[in-house]
Amino acid sequence: MSQVQGVATPERRDETLENPWPALWALVAGFFMLMVDTSILTVATPALLTDLGADVNAAIWVTSAYLLAYAVPLLITGRLGDRYGPKRIYLLGLVVFTASSLWCGLSNDVGTLVAARAVQGVGAAMMTPQTMAVITRIFPSARRGQAMALWGATAGAATLIGPILGGFLVGAWGWEWIFFINVPVGVVAFVAAVRLVPDLATHPHRFDWVGVALFGTGMFCVVFGIQESQQYDWGRIWGYVTVWRLIIGGIGLLALFIYWQSRNRTEPLLPLALFRDRNFTISNIAITMVAFSFMTMGFPLMLYAQAVRGWSPLQAGLLMAPLALGSIVLARTVGNLTDRQHPRVLTVFGFGSAAVAVSALALVIDANTSIWLAVAAMTLLGIGSAFLWGPLSATANRNLPMHQAGAGAGIYNTTRQIGSTLGAAVAAVVIDWRLHAYGLTASGGGEAGLRAAQPIDPSLAADYSAALAQTLWVIPITLTIGLVACLFLELPRHLARRE
């Protein structure tokens, strides 16, 4: 028996399959649905504003509620997969996600939709760690890069299909159908998983409920404080609670969570011993920056396309096509490189390309930007993203012991979702800040134009474009942080053994 944080754990077992690809494809079907559900909603934002009478901040909460409910349980749902079997937890999460998708589509007000999206996020949290844990356990280390590249290409394909499909569904039948479409897909994914995903060995685990409470409460306080800051003018929310006290209190709870994890001698929710692997630590930092950047980018780009340029939801969705095509076309090549090359080379190239692409977008976007300039920038961004999602996933999990596969996948996906959650919150704050800086309030015609889901007054187009373009400058900063972190990646063990 080996020891991790003072807890007896079973020795590493070889559970690799001779042909693991059918199981992977079955899991990818469900993961694809999760990723489409994230990207499809950005196109529907103006329609939500119209039909539900919401403002921009309320519409972004539809995404933030999902991301929060997705991020908070991930640490424990990864452990649930280790304890009860990843297949069983994956199937349960798929049922929750599919049923709550139907509830989302039937919602007739913002409050109900936010609640349904939160439940949907819990289902997604149950599914996602299991996909990575199964990949880690059924693929040998030297071939795991190819599998993770497919996992990353799935995100890229969803980025392409989500906005295009969303644009078609919203234009043809209404925003409700971006959720109804999940029902048949969920049924197919369930049948595929039952038939093709193997039952893997389980490992006993205890659950750190104190850690869950500290992490969940701290995350909610930070995200709520950031996202609602402009609404309360960075001042009092209620009673003695101010925006700054809420954010600082949330950070304090998260710090207390880390301290508790270091002192928990039974079995912590966050096994800090995993962070002794430098590549695991750096990959978690890097994927947080990636997720933050891509979530921050979606809202301003879709609002620019539909409100400033007057494009239909389908046309706006096509703006994202070059981004996804780069990821899809390069998936196999990047997968092979991931198994043979130093991850530092691949990820630094990916971050650098993505930072240049988003900087170019921020510089060229205005009311009359040539579509080909935007397409060129999005194509470069797609190339960069292909060198990030798969390589980072493979690098993070390549050295993990089998009995910690679920915990490692839970941590990795938690940091990814924290990035997405903070990205959505920051997008709301920065968009609102820049709109007000240009006088584009509801009374001034800016938010009112969005709420009507109609092109804004042409006299406001220049200022509106400038406000949204300035929002994009947050992204190159975070991508640069990711690039610097990846400079410290080390050669994976399977490559070091060859030398």
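This is a predicted model: local features need pLDDT of at least 70, side-chain atom pairs count only at pLDDT 80 or more; totals for chains, interfaces and linings use all residues.
User: Take Leu472. What is it in contact with, leaving aside neighbours within four places in sequence?
Analyst: Leu472 is in contact with Met297, Pro300 and Leu301, and also with Val358, Leu361, Ala362 and Ile365.

User: Zooming out, how many helices and strands does the protein chain have?
Analyst: The protein chain comes to 22 helices and 4 strands. It has 499 residues, and 61% of them count as buried. For contacts with a separation of 6 or more, 84% are between residues 24 or more positions apart.

User: How about confidence: what does the pLDDT average over the protein chain?
Analyst: The average is 81, and 88% of the residues score at least 70. Confidence is highest in helix α21, residues 474-486, at a mean of 96, and lowest in strand β2, residues 7-9, at 37.

User: Which stretches have a pLDDT below 50?
Analyst: Residues 1-14 are one of them, and that stretch has 36 contacts in the model beyond near neighbours in sequence. Residues 442-453 are also below 50, with 32 contacts beyond near neighbours in sequence.

User: Switching to pockets. What volume does the largest pocket have?
Analyst: About 440 Å³. It is lined by 19 residues, and Phe215, Ile258, Thr288, Thr415 and Ile418 lie nearest its centre.

User: And which elements give two or more residues to the lining of the largest pocket?
Analyst: Those are α9 (209-227), α10 (243-263), α11 (278-308) and α18 (405-437). The largest share, 5 residues, comes from α18.

User: How do the lining residues of the largest pocket divide into nonpolar, polar and charged?
Analyst: There are 14 nonpolar and 5 polar residues in the lining, and no charged ones.

User: Why does Thr77 count as buried?
Analyst: Thr77 counts as buried because its relative accessibility is 3%, and the cut-off for buried is under 20%. Leaving aside neighbours within four places in sequence, Thr77 is in contact with Ile89, Ala125, Met126, Pro129 and Gln130.

User: One more: where is Asp37, and is it buried or exposed?
Analyst: Asp37 sits in helix α1, residues 21-52. At 1% relative accessibility, Asp37 counts as buried.

User: What is Asp37 in contact with, again leaving aside neighbours within four places in sequence?
Analyst: Its contacts are Tyr66, Phe97, Arg117, Gln120, Ile178, Phe179 and Asn182.

User: And how far apart are Asp37 and Ser101?
Analyst: In sequence they are 64 residues apart, while in space their C-alpha atoms are 9.3 Å apart.

Methods
Residues are numbered from 1 along each chain as its sequence is written. Side-chain values use heavy atoms; hydrogens and water are left out. On a 1 Å grid over the protein atoms alone, a cavity is a set of points where a 1.4 Å probe fits but cannot get out, and a pocket is an open set with protein on both sides within 12 Å along at least five of seven lines; lining residues have an atom within 4 Å of a point. Grid points are joined across faces, edges and corners, and a volume is the space filled by probe spheres set on the points. Ala, Val, Leu, Ile, Met, Phe, Trp, Tyr, Cys and Pro count as nonpolar, Asp, Glu, Lys and Arg as charged, and the others, Gly among them, as polar. pLDDT is the predictor's confidence in each residue, from 0 to 100. Contact means heavy atoms within 4.5 Å. Buried means under 20% relative accessible area, exposed over 50%, partly exposed in between (1.4 Å probe, protein chains only).
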